Amino acid sequence: MSQDEFRAAMTRLAGGVVLVTAHDEEEDPVGAGAGMTATSFLSVSLDPPLVLVSVRTGSRMADILDRQELWAASLLAEGQHALAGRFAMKGRLSDRLIFRETPHDIGEHTGAPLPHGTLAAVECRTEQRVTAGDHTLHIGRVLATRLPTTAAGPLLYAWGRYGTLG
């Protein structure tokens, strides 16, 4: 089996889309927000509350999460495919510029940017890192949740494109 065959099989699995964010203290003297679009995110445990995100080794977010334990995941809504696409883009110039144009709050527990209009957000502290092939699984304890009021459905990703339940 080739990597292309495996990738083609996995694109048929629909997944929710999240924006993983963190405050990168090494960006400028005061730090700045960083983000990454992810579809490999899931709830692991209710007691204690744990979630898991898979991050590609060598990526900017992997470097940040290797240096620090605090991060957040915002569950994107069906109208946020452009935001997901911007943070999924390879070779983008600056997360700082994207966040400048994206209305957001700063997480009280993590300092991570939390975009407005999401279905929910969780602020986390990494409890465990597991190397898995070319990715690292970051298992985080949920420190706080945000449940904004919205009638939107979830943003999904399957077959190499964004979609909705409707």
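Reader: Which helices and strands each supply at least two residues of the lining of the largest pocket?

Author: In this predicted model, the elements that each supply at least two lining residues are α1, β3 (32-38), β5 (49-56), α2 (60-67), α3 (81-88) and β11. Helices (H or I, at least four residues) and strands (E, at least two) are DSSP runs, numbered from the N terminus. Residues are numbered from 1 along each chain as its sequence is written, and side-chain values use heavy atoms, without hydrogens and water. Because the model is predicted, local features need pLDDT of at least 70 and side-chain atom pairs count only at pLDDT 80 or more, while totals for chains, interfaces and linings use all residues.

Reader: Why is β5 called mostly covered?

Author: Buried means under 20% relative accessible area, exposed means over 50%, and partly exposed lies in between (1.4 Å probe, protein chains only). In β5, 6 of its 8 residues are buried.

Reader: How do you know that β5 pairs with β10 in the antiparallel sense?

Author: Two strands pair if DSSP finds at least two bridges between them, and β5 and strand β10 (residues 135-146) have 7 bridges, so they count as paired, in the antiparallel sense. Leu52 stands opposite Ile139 in β10. On β5 there are also 5 bridges to strand β4 (residues 41-46), again antiparallel, with Ser45 opposite Leu50, and a hairpin joins β4 to β5 through 2 residues. Strand β10 also pairs with β9 over 11 bridges, antiparallel; these two form a hairpin with 2 residues between them, and Gly133 in the turn has a positive phi of about 65°.

Reader: Why do β1 and β12 stand at the edges of their sheet?

Author: Their open sheet has 3 strands in the order β1-β11-β12, with antiparallel pairing. Each of β1 (15-16) and β12 (161-163) has a single partner strand, so one side of each is left without a neighbour in the sheet. Between β1 and β11 (residues 156-158) there are 2 bridges, which meets the limit of at least two, so the two strands count as paired.

Reader: Why is the contact of Asp24 with Arg67 called a salt bridge?

Author: A salt bridge needs a side-chain nitrogen of Lys or Arg within 4 Å of a carboxyl oxygen of Asp or Glu. For Asp24 and Arg67 the distance from N to O is 2.4 Å, which is within 4 Å, so the pair qualifies. Asp24 lies in strand β2 and Arg67 in helix α2, so the pair ties together parts that are 43 residues apart in sequence. Arg60 also forms a salt bridge with Asp24, at 3.3 Å; Arg60 is in helix α2 and Asp24 in strand β2 (residues 18-24), 36 residues apart.

Reader: How do you know that Asp24 is buried?

Author: Asp24 has a relative accessible area of 5%, under the limit for burial, so the word applies. Arg60, at 33%, is partly exposed, and Arg67, at 41%, is partly exposed too.

Reader: What makes Met1, Phe6 and Met10 a nonpolar patch?

Author: Patches are made of residues with over 30% relative accessible area and no salt bridge, where nonpolar side chains (Val, Leu, Ile, Met, Phe, Trp, Tyr) are joined within 5 Å and like charges within 9 Å. Met1, Phe6 and Met10 form such a patch, with about 380 Å² of accessible area together, computed by the Shrake-Rupley method with a 1.4 Å probe, where for residues only the protein chains shown count as cover. Met1 is found in the segment before α1 (3-10), and at 80% Met1 counts as exposed.
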